[in-house]
Amino acid sequence: MPGSTRAPGGGTGPRGPRTALTREEVLDAAASLVKRHGPAALTMRGLAAALGTAVTSIYWHVGNRESLLDALVERTVREMGAVRPAGRTPAARIVSVARGLRRELRERPHLIAMVHERGLTERMFLPAQQALVHEVHAAGLRGAKAAEAVRAVQYQVVGYVLVERNRERAPAQRPGEEELWDARSAEHDPALARALARPADPERLFVNSVRALVDGLLTRAGGAVSGGPYPQ
């Protein structure tokens, strides 16, 4: 066909012959499609078109669609294990793990849902939990109190992300917060009413809530605070 060339595996590409396709390239392209459109949009034919190759080449690298989805799930589990703590104190490092975990969850909601559907959620969270265990131990917590702290931070992150997602997908609210809050509904605190009528800053609210949680959990162990003052 004029103006096109054959890609490896029988596909055509507008930019000339492409280099040999790799499994990682297939997974990258598949993950990108799922992130943008969800798993229902991932078809072998559509993936082949996105890569400029033949469907047979996709099958050769990753097997059938179910095998491809399994590979994406396994890769997501590995990527979620890459969250690393940073900071000068155990409390600050716990907050950093929470921030990293929230970021990773928000970046790939469809892939996370696939992990959950395959019963691998606990395995996915294990590396982050282990990082938290190390830090709560460093802060002086042990046993059941340490376990409670690890779970409290994890649940705070997951719950916050779920609320964020729900608010982002919700229809426009009528009346909205700016209409519901006034001096009377805020118990005659006009500054509070003005603040609640404004859109929340999700990142600042998250950091402040996690810091407050961590400071409360570590106070009983005499741990350093998580890096306050809290962002205003």
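Predicted model: local features only at pLDDT ≥ 70, side-chain atom pairs only at ≥ 80, totals over all residues.
Figure 1. Beyond the residues up to four places away in sequence, arginine 93 touches Pro85, Ala86, Gly87, Arg88 and Glu135. Arginine 93 belongs to helix α5, which spans residues 90–107. With a relative accessible area of 19%, arginine 93 is classed as buried, because the class holds residues under 20%. One of the contacts is polar: the side chain of arginine 93 meets the side chain of glutamate 135 at 2.7 Å.

**Figure 2. Alanine 131 in helix α7**. The helix shown comprises residues 121–138. Alanine 131 has a relative accessibility of 13% and therefore counts as buried, the limit for that class being under 20%. When neighbours within four places in sequence are set aside, the contacts of alanine 131 are with Pro85 and Val97. Pro85 is also among the residues touched by arginine 93. Valine 83 lies 48 residues from alanine 131 in sequence, and the C-alpha atoms of the two residues are 8.4 Å apart in space.

**Figure 3. Lysine 145 and leucine 217**. Lysine 145 is part of helix α8, formed by residues 143–169. The relative accessible area of lysine 145 is 47%, so this residue is partly exposed. A separation of 72 residues in sequence between lysine 145 and leucine 217 corresponds to a C-alpha to C-alpha distance of 8.5 Å.

**Figure 4. A nonpolar patch on the surface**. The patch consists of Leu180, Trp181, Leu192 and Leu196. Together, these four residues present about 310 Å² of accessible area. Leucine 180 is located in helix α9, which covers residues 177–180. At a relative accessible area of 47%, leucine 180 is partly exposed.

Figure 5. Read from the N terminus, the order of elements is β-β-α-α-α-α-α-α-α-α-α-α-α. Of the 232 residues in the protein chain, 38% are buried; arginine 93 and alanine 131 are buried residues shown above. Contacts between residues at least 6 apart in sequence include 64% that join residues at least 24 apart. The accessible surface of the chain amounts to about 13500 Å², and carbon and sulfur atoms account for 55% of this area.

How values were computed:
Residues numbered from 1 in each chain as written. Heavy atoms only, no water. Helix = DSSP H or I, 4+ residues; strand = E, 2+ residues; numbered from the N terminus. Buried < 20%, exposed > 50% of the residue type's maximum accessible area, 1.4 Å probe, protein only. Contact = heavy atoms within 4.5 Å. Areas by Shrake-Rupley, 256 points an atom, 1.4 Å probe, with all protein chains shown as cover. Patch = residues over 30% accessible without salt bridge, like charges linked within 9 Å, V, L, I, M, F, W, Y side chains within 5 Å. Salt bridge = Lys/Arg side-chain N within 4 Å of Asp/Glu carboxyl O. Polar contact = N/O pair within 3.5 Å; in protein donor to acceptor, adjacent residues only side chain to side chain.
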